[in-house]
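Try each task before reading its solution.

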Amino acid sequence: RKVHNLKAYRPPHFLVEQVTLTFELDPSATRVEALTHFKRHPDAPTDAPLQLHGEELQPELLEIVGQQERPHYHIENDRLTLTPPAESFTLRCVTRIAPDKNSALDGLYISGGMFCTQCEAEGFRKITYYPDRPDVMAKFRVTLIAEAQQYPILLSNGDKVATADLGDGRHSATYEDPYPKPSYLFALVAGDLALLEDHYTTAEGRKVTLQLYSEHHSIDQCGHAMQALKKAMQWEESRYGLSYDLNTYMIVAVGNFNMGAMENKGLNIFNTKYVLAAPHVATDAEYEAVEGVIAHEYFHNWTGNRITCRDWFQLSLKEGLTVYRDQSFSADIVSGSVQRIQDVRLLRNHQFPEDAGPTAHPVQPESYIEINNFYTSTIYNKGAEVIRMLETLLGWPIFRQGMDLYVARHDGQAATVEQFICCMEDASGRDLGQFRLWYVQAGTPELTFNSLYYPESQRYVLNVTQVCPPTPGQLSKAPMHIPIRMALLDPDGQPQSLKLVDGEQVLGAETVLELTTGEATYTFEGVSKAPTPSLMRGFSAPVKWDAALDREALAFLWANDNDPFNRWESGQILAVETILDMVGLTQQNGELPDLPESFAHAFETIIKDGKSEPALLALSLSLPTTGYIMDRMDKADPHLVYRVRQHVRQAVASRFRPLFLSLYGRHYSDEPYHYSPANAGARALKNLALDYLLENPEPTVLALAHKQFHQADNITDWLGAYGPLLRCGSPSSSELTHILYTRCKDSANALDKWFSTQVTMVAGPEALSLAKALTQHPDFSWSTPNKVRAVVGSFSGANPTAFHAIDGSGYGFLQEVIAQLDEKNPQLAARLCTYFTRWRRMVPELSQPMQNALQRLLDTPNLSNDTYEIVSKSLA
Ligand code: B3K
Ligand code: ZN
């Protein structure tokens with residue numbers, strides 16, 4: 001298969017100044033006419049051929065405008081090569097495509113009766129022949145023609161400049177986007193859509209019309225997204241001094257979408273999951289996610305669209321930076337500490353395993369077979385952490401100057417990661433040479449701290465080493481530039497002021513050490529009391545670390561650290577260590593040991609904490625996931641880990657039953673649902689308490705849960721009761737399932753949760769037959785990625801005991817689903833393969849059947865590039 005290499009990058013021979021597209025929209029035969037004005041790149045040789053991409057296309061017509069004779073061209077391997085007639089010329093190309101047969105949801109397709117597009121990364125080449133690469137930026141003029149009755153709304157990028165009634169039942173609209181853009185940012189939508197409209201006036205005084213489109217029945221669920229959009233516009237102006245640059249900003253919600261959303265210039269297309277919000281449709285977490293994703297796509301207007309990527313190896317230039325920006329936005333509008341913990345959890349649960357597995361790759365990959373496989377947690381979330389480290393190292397004011405420089409220098413360009421780093425160097429005057437390793441070295445560095453306190457000299461010596469494990473193709477690594485934010489806490493939990501021996505200045509109560517070598521020792525003086533170190537505060541680098549703290553110190557930090565991230569983190573470490581110890585004992589003795597008193601005491605202190613914000617407390621009282629615990633084991637046994645984790649939950653739940661009951665009572669509310677971070681935090685804590693309580697489902701607790709299920713007016717609380725009731729095998733389950741169905745049946749998004757909660761919460765072998773049965777449900781559809789993810793994704797990713805069934809039946813199910821889906825929707829199929837990639841880390845009785853499933857996939861005839869790449873790399 002063809003491998004694309006960063007080293008092979010060459011600038012295009014021809015640039016496009018202007019492209020004029022005309023679409024005659026018809027579900028089974030859409031006619032696309034492209035008039036593309038090419039101009040030879042100043043550096044290209046005079047005999048350079050013109051190369052265009054085109055997939056699953058046939059040109060119905062191909063001519064040079066103003067020339068009688070037909071041009072010479074040939075088509076091979078999805079490329080059209082043509083001998084150019086001049087330095088600059090216009091090509092007319094007509095293609096005909098069938099959006100109704102496009103089940104890959106890539107290019108022009110139909111979702112719920114409306115036409116829509118997804119062109120990133122390489123979907124535009126399924127629409128017409130074009131240099132479909134991000135370093136070719138052109139001005140687009142687009143005319144859409146369609147049946148007026150069926151498709152009253154016609155949308156494309158930029159400003160609407162003309163409309164017409166064509167007299168034959170069809171109408172047309174023409175759009176012009178004044179900003180040159182790569183083809184991956186092109187979009188069109190045509191359908192019968194409802195509109196929610198609002199306005200925003202930018203700091204520059206531009207009055208922007210904000211338009212949110214959805215199917216008619218869900219337009220009343222768009223208000224939350226609209227508010228989020230306005231907040232994001234305002235936030236970016238105040239934090240970055242960047243304003244919106246067109247007169248209209250459009251967002252369209254579509255039901256069938258491969259990912260979350262797409263930042264097409266002026267016309268975002270969104271998965272309904274990240275737009276629609278109503279109490280009975282979206283959970284609190286989804287209300288938050290809507291804000292985050294709306295902001296993310298909006299922020300792409302500068303970091304992605306105005307400044308785009310030169311090639312796809314630079315993907316993190318826009319994605320890492322934009323995730324960093326949307327995380328900062330959410331931190332500001334929700335809660336800084338809660339946001340930080342959630343971001344770190346996501347990184348640890350997805351990116352760390354990726355970085356430790358067979359598909360590990362650097363933030364700037366060197367090669368790929370299918371670019372769609374590289375929209376990964378490494379590119380997005382580790383990429384965001386790398387930007388955050390720059391902010392930590394340079395400080396916000398200098399970082400912001402670096403951003404200003406980046407915009408000033410590269411606006412209107414297709415840029416590289418290297419150019420971005422140069423801006424940060426020029427703004428700060430610092431040498432970021434070693435820092436660049438974060439982009440090219442894969443793998444998660446591991447830090448080991450050791451410390452000693454000398455009471456006589458009042459000195460504290462902190463030693464740290466770093467190593468980075470080998471990853472595919474990278475066996476040895478150079479030391480990285482790692483910011484270590486730290487403090488030394490006195491016995492009251494207060495940070496002591498820091499002064500390094502030989503250092504000139506007193507550093508204040510918190511400092512950032514910069515580790516650049518494999519090992520370093522820092523000696524602090526004037527440390528009057530034996531301190532507890534608070535290291536990697538706020539998760540100052542995307543690394544793993546061992547702070548070498550005993551359980552007592554961890555319990556102390558869990559209760560007292562004034563850094564909220566580290567407070568949470570200390571509880572997580574304590575929990576992981578406790579559970580791993582218990583796993584070891586269970587293996588030795590064949591039976592589950594009692595919960596250690598040390599953990600119980602520490603947990604009790606936290607559950608009694610009346611000061612913390614509820615959302616933070618809910619996170620603090622949540623045990624690390626089975627997956628995260630398994631990642632700490634050489635050979636992971638999901639069944640054992642699950643059993644021990646459940647045992648801990650049950651022990652804690654029965655021991656602290658009165659405390660959980662009182663938490664539940666204190667945060668229970670009869671008020672009608674209203675989303676706010678504070679309300680969501682209270683609901684999270686209350687539902688966490690209920691979840692623990694239902695580990696021991698006796699009548700009072702069951703009654704509480706039923707009352708909540710029947711009386712609540714929102715899906716967060718319905719699921720908060722329903723999920724745990726299902727898990728504990730309550731006899732009322734099937735009745736509740738039915739009631740919940742009737743509440744959800746009018747909303748696809750609500751139904752997704754009805755599906756996923758069932759396959760997640762039903763434990764053991766029953767889950768597989770349930771998952772299979774649900775794929776036969778009339779509301780299920782293999783054509784809707786959200787549905788596939790709700791059933792197959794939740795089964796494989798969130799129900800460890802069922803997926804990892806010892807007879808291999810869970811793996812067999814996933815493997816068959818992937819093989820079938822691959823023909824239809826390769827992007828979706830390839831994503832599902834990631835549940836198999838960790839096979840080497842499992843106990844032998846599981847790794848073998850997992851490997852077999854991967855092998856069967858590899859043997860599947862006509863495997864797509866997408867699936868082939870993940871499967872073959874996993875087995876390598
Ligand atoms: N840029 C898109 C992702 C496109 C994925 C293509 N397979 C959404 C985003 O990151 O904002
Ligand atoms: Zn993005």
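Where does UniProt place the feature "domain: Aminopeptidase N-like N-terminal"? The record, an unreviewed entry, puts this feature at residues 93–185. UniProt positions follow the numbering used here, feature names are shortened, and annotations may be inferred rather than shown by experiment.

Before going on, note that this is a predicted model, in which local features need pLDDT of at least 70, side-chain atom pairs count only at pLDDT 80 or more, and totals for chains, interfaces and linings use all residues. Residues are numbered from 1 along each chain as its sequence is written, while chains are lettered from A and ligands numbered from 1 in the order in which they are written.

**Exercise 1. Work out the order of an open sheet.**

Step 1. The sheet has 3 strands in the order S29-S26-S31, with antiparallel pairing. Two strands pair if DSSP finds at least two bridges between them.

Step 2. Its edge strands are S29 (511–515) and S31 (532–534), each pairing on one side only.

Step 3. On average, neighbouring strands of this sheet are turned by 40° against each other, direction ignored. Axes here are lines fitted to C-alpha atoms, for helices over the stretch in contact, and angles run from 0 to 180 degrees between N-to-C directions.

Step 4. Now look at one pairing: S26 (residues 482–489) and S29 run antiparallel and are joined by 5 bridges. Arg 485 stands opposite Val 512 in S29.

**Exercise 2. Follow the neighbours of strand S20.**

Step 1. Find its partners. S18 (residues 248–254) runs parallel to S20, with 5 bridges, and Ala 253 has Phe 270 as its bridge partner. S19 (residues 261–262) runs antiparallel to S20, with 2 bridges, and Met 262 stands opposite Ile 269.

Step 2. Look at the turn. S19 and S20 form a hairpin with 4 residues between them, and Gly 266 in the turn has a positive phi of about 70°.

Step 3. Check the burial. In S20, 5 of its 5 residues are buried. A residue is buried if 20 or more other C-beta atoms lie within 10 Å of its own, exposed if 12 or fewer, and partly exposed in between, with C-beta atoms placed from the backbone. Leu 267, Ile 269 and Asn 271 lie on one side and Asn 268 and Phe 270 on the other, so both faces are covered.

**Exercise 3. Examine helix H22.**

Step 1. Compare spans. A straight helix of 14 residues would span 20 Å at 1.5 Å a residue, but H22 (residues 785–798) spans only 17 Å between its end C-alpha atoms. The expected span is 1.5 Å times one less than the number of residues.

Step 2. Locate the kink. H22 has a kink of about 35°, centred on Val 792. The bend at a residue is the angle between axes fitted to the seven residues ending there and the seven starting there.

Step 3. Why is H22 largely enclosed by the rest of the structure? Because 11 of the 14 residues of H22 are buried, among them Pro 785, Val 792 and Phe 795.

Step 4. Name what surrounds them. The buried residues pack against several elements, including S20 (267–271), H20 (748–761) and H24 (809–824). Two residues are in contact if their C-beta atoms, placed from the backbone, lie within 7 Å.

**Exercise 4. Inspect three loops.**

Step 1. Glu 120 and Ala 121 are joined by a cis peptide bond, with omega about 0°. Ala 121 is in the loop between S10 (114–118) and S11 (138–147).

Step 2. Glu 56 has a positive phi, near 55°, and belongs to the loop between S4 (50–53) and S5 (59–64). Glu 56 is partly exposed, with 14 other C-beta atoms within 10 Å.

Step 3. Is Asn 862 buried or exposed? Asn 862 is exposed, with 7 other C-beta atoms within 10 Å. Its phi is also positive, near 60°, and its loop lies between H26 (844–858) and H27 (865–875).
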